Amino acid sequence: MTEINLQVEEQGDRIDRYLSQQLPDLSRSRIQQLIEQEQVQVNDKVCTSKKATVQSGDRISITIPEAKPLDLQPEAIPLDILYEDDSLIIINKPADLVVHPAAGHESGTLVNALLAHCTNLAGIGGVQRPGIVHRLDKDTTGAIAIAKTDQAHQHLQAQLKAKTAQREYLGVVHGAPSAESGTIDQPIGRNPIDRKKMTILPVDKGGRTAITHWQVKERLGNYTLIHFQLETGRTHQIRVHSTHIGYPLVGDPVYSSGRSIGVNLPGQALHAWRLRLQHPVSGEWIEAIAPLPTAFIKLLDVLRLRAASLAPRHP
C-alpha cells in the first residue's frame, strides 16, 4: 500500500483534475476510481465526489492499494509483431480483438495473448491492463504499444501526455470535405443519454479536451481517405470528431449506422497506421508502420473503381 500526501497551493480546480496534474503517473480515470473506492481524503475526511473543488491549504491524502493478484489466463492467440525488445512490444492489432478484459470480454483479449507471449508482463500498469499504455477500439486495427516493464510503462505514458509520441491513422469517411486539411478542437465526454456512446461535451459538463488534425489523402467520389493525427487520446476520438464535422467513418456501427456501402467490413474503416515514439531506455526514435488490413484494401479498391466509373468522360 502506498500513501501520497499533498498540500494545495492554488484553489478552484476539481479534485480529480488537480490530482491528475499533480500526479502524472496516475491517469484521471484511475484517480476517479480511487475516489469512488474512498481512498482519497481531504483534511482527514473521505472525499466522495470527483467534482469536489480543492481550496488553498487543503491537505489531500491518497492511498493506493496493493495490486491484486492477476487473475487473467494466458491464451495462445497469434500476434502480428511489428517491433519487440526487452522494454516494449508493438503489435499490429486485428479487428474484433478487444485490448483488455472488461465486462463481457473476460477472455480472448490482447492482454490474454500478451500474457502468453511475455511471461513477465503480469502486474505492470494495473490488474486488468498489464502493460497497456494506450487503447484501440475493438474494431480499429493497427499499431499499439505495450510496455514490458514499469519503467517503460511510465516513460511511454509520459510521452503520450507530453504529446511527443505520434499516433497517425488512416480512415475512410462518408462525404467529400471542401477543405484539404483542418483541426477539430472539441471536448469529448460520455453521452449522458446513451452511456455506450461518447459525444461532444463542454468541459464544464465533464468533457475532456480533444484535438484531432486531419488531411485528405485521396478523394473517392462521395467518400474520402483521410490521414488523422491525434494530439490527445480520448475514447472514440476520431470517430466522434469525424461525425461531428459531418464526415462519419465508413462502417462505424455506432456513429454512422444505417449507411450501407455494399462492402463487408468488420467495423469502422479506421486503421492506426503509424506509431512513432521514443525508446524508454535508449532514447532513440522508433517508428512502426502497420500494413493496411485486407478489408481496408478491398474497400479502397471498390471505391476507386466506383469513383472511376462515375468520373466524366471527355471525347
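Predicted model: local features only at pLDDT ≥ 70, side-chain atom pairs only at ≥ 80, totals over all residues.

Me: Which residue just after H5 takes a positive phi?

Reply: Gly 246 does, with a phi of about 95°. Residues are numbered from 1 along each chain as its sequence is written, and side-chain values use heavy atoms, leaving out hydrogens and water.

Me: How many of the residues of helix H5 are buried?

Reply: Buried means under 20% relative accessible area, exposed means over 50%, and partly exposed lies in between, with a 1.4 Å probe and protein chains only. Helix H5 spans residues 237-244, and six of its eight residues are buried, so the helix is largely enclosed by the rest of the structure. The buried residues in H5 are Gln 237, Ile 238, Arg 239, Val 240, His 241 and Ser 242.

Me: Which residues of H3 are buried, and what covers them?

Reply: In H3, Leu 110, Val 111, Asn 112, Ala 113, Leu 114 and Leu 115 are buried. That is six of the eight residues in 110-117, so H3 too is largely enclosed by the rest of the structure. The cover over these buried residues includes E6 and E7, where contact means heavy atoms within 4.5 Å.

Me: How many residues of E7 are buried, and which strand runs antiparallel to E7?

Reply: Seven of the seven residues of E7 are buried, so this strand is largely enclosed by the rest of the structure. Two strands pair if DSSP finds at least two bridges between them. Strand E6 (residues 88-93) runs antiparallel to E7, with six bridges joining them. Within that pairing, Ile 89 stands opposite Ile 146 in E7.

Me: In which sense does E7 pair with E14?

Reply: E7 (residues 141-147) and E14 (residues 270-278) pair in the parallel sense, over two bridges. Here Gly 142 stands opposite Ala 272 in E14. Ala 272 also has Tyr 169 opposite it; strand E8 (residues 166-174) runs antiparallel to E14 and is joined to it by six bridges. E14 is joined as well to strand E15 (residues 285-289), antiparallel, by five bridges, with Leu 277 opposite Ile 286 in E15. E14 and E15 form a hairpin with six residues between the strands, in which Gly 283 takes a positive phi near 80°.

Me: How should I describe the packing of H1 and H2?

Reply: Two packed helices are described by the angle between their axes and the distance between the axes. The axes are lines fitted to C-alpha atoms, for helices over the stretch in contact, and angles run from 0 to 180 degrees between N-to-C directions. H1 (residues 15-22) and H2 (residues 28-36) pack at about 125°, with their axes 9 Å apart. Ile 15, Asp 16, Arg 17, Leu 19 and Ser 20 in H1 meet Arg 28, Ile 31, Gln 32 and Ile 35 in H2.

Me: What order do the four strands of the open sheet follow?

Reply: The order is E1-E4-E2-E3, with antiparallel pairing. E1 (2-7) and E3 (45-46) stand at the edges, each with a single partner strand, so one side of each lacks a neighbour in the sheet. Two bridges join E2 (residues 40-42) to E3, and Val 42 has Lys 45 in E3 as its bridge partner. H2 lies across E2 and E4 (59-64), running at about 95° to E4.

Me: Is Asp 58 buried or exposed?

Reply: Asp 58 is buried, with a relative accessible area of 10%. Its place is in the loop between E3 and E4. Leaving aside neighbours within four places in sequence, Asp 58 is in contact with Leu 6, Gln 7, Val 8, Val 42, Asn 43 and Thr 53. The C-alpha atoms of Asp 58 and His 117, 59 residues apart along the chain, are separated by 46 Å.
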